[in-house]
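Please keep the sequence and the model open while reading.

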Amino acid sequence: MMDFITAPLVVGFICLGIYALFELFVRRKERLLIIEKISERMDITDLGKRLSLPSYSLPRFSFSALKAGCLLVGVGLGILVGFLFNLIIAANRHDLDFYNEYEAITSAYGASVLVFGGLGLIIAFVIETNMKKKEDK
């Protein structure tokens, strides 16, 4: 149904995997260099004074569930709107051949899923910034 988006998604996931692999090795080298620099500058006796546990008294919000929820709601709305477009196209299909009808349906589904998924993420961002502003006050 969404054949037009399969190839870019596969290429995107492969590129993301290669990027993540390179980033993993680069971060490891950077962390080892930071540990070496810290060990050169500090004595072991000073280490106990500078290290302390973080304060967990302030409530910290994780917005990953909000982002995922808004994204899924947006994708669900996109599929619903695509289905409604499908019904509209099916009602007026007397002048379309099978190929044009298939292309119209797949583009309606793909576009509506992407648009409403993006709107869901934008709504999550707006909610997150409003909550952070309230938290800062």
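Lys67 counts as partly exposed at 39% relative accessibility, where buried means under 20% relative accessible area, exposed over 50% and partly exposed in between, computed with a 1.4 Å probe on protein chains only. The model is a predicted one, in which local features need pLDDT of at least 70, side-chain atom pairs count only at pLDDT 80 or more, and totals for chains, interfaces and linings use all residues. Residues are numbered from 1 along each chain as its sequence is written, and side-chain values use heavy atoms, with hydrogens and water left out.

Lys67 forms a salt bridge with Glu128, the closest N and O atoms being 3.9 Å apart, a salt bridge being a side-chain nitrogen of Lys or Arg within 4 Å of a carboxyl oxygen of Asp or Glu. Because Lys67 lies in helix α3 (residues 64–91) and Glu128 in helix α4 (residues 98–136), this pair ties together parts that are 61 residues apart in sequence. Helices here are DSSP runs of H or I with at least four residues, strands are runs of E with at least two, and both are numbered from the N terminus.

Glu128 is buried, with a relative accessible area of 12%, and also forms a salt bridge with Lys132, for which the closest N and O atoms are 3.5 Å apart. Lys132 and Glu128 are four residues apart in helix α4, and are therefore separated by about one helical turn. Lys132 itself is partly exposed at 41% relative accessibility, and the three residues Lys67, Glu128 and Lys132 are linked in a network of salt bridges.

## The pair in helix α1, and the cysteines

The structure holds three salt bridges, and one of them joins the side chains of Arg27 and Glu23, with an N to O distance of 3.0 Å. Arg27 and Glu23 are four residues apart in helix α1 (residues 6–41), so about one helical turn separates them. Arg27 is partly exposed with a relative accessible area of 43%, and Glu23 likewise counts as partly exposed, at 27% relative accessibility.

How many disulfides are there, if a disulfide is a pair of cysteine sulfur atoms within 2.5 Å? The count by this rule comes to zero. Cys15 is partly exposed, with a relative accessible area of 49%, whereas Cys70 counts as buried at 14% relative accessibility.

## Overall fold

The protein has four helices and zero strands, and from the N terminus on its elements run α-α-α-α. Of its 137 residues, 15% count as buried. Among the contacts with a separation of 6 or more, 83% are made by residues 24 or more positions apart, contact meaning heavy atoms within 4.5 Å.

Ser112 is found in helix α4 and counts as buried at 5% relative accessibility. Leaving aside residues up to four places away in sequence, Ser112 touches Gly78, Val81 and Gly82.

Leu71 is found in helix α3 and is partly exposed, with a relative accessibility of 32%. Leu71 touches Gly117 and Leu121, again not counting residues up to four places away in sequence. The C-alpha atoms of Leu71 and Ile122 are separated by 9.1 Å, although the two residues are 51 residues apart along the chain.

## The largest pocket

Rolling a probe the size of a water molecule over the atoms shows where empty space is left. On a 1 Å grid over the protein atoms alone, a pocket is an open set of points where a 1.4 Å probe fits, with protein on both sides within 12 Å along at least five of seven lines, and lining residues have an atom within 4 Å of a point. The largest pocket has a volume of about 170 Å³, a volume being the space filled by probe spheres set on the points, with grid points joined across faces, edges and corners.

Ten residues line this pocket, and Ile5, Leu9, Val75, Val113 and Leu114 lie nearest its centre. Helices α3 and α4 each supply at least two residues of the lining, and α4 gives the most, with four residues. The lining divides into nine nonpolar residues, one polar and no charged, where Ala, Val, Leu, Ile, Met, Phe, Trp, Tyr, Cys and Pro count as nonpolar, Asp, Glu, Lys and Arg as charged, and the others, Gly among them, as polar.

Methods. A disulfide is a pair of cysteine sulfur atoms within 2.5 Å.
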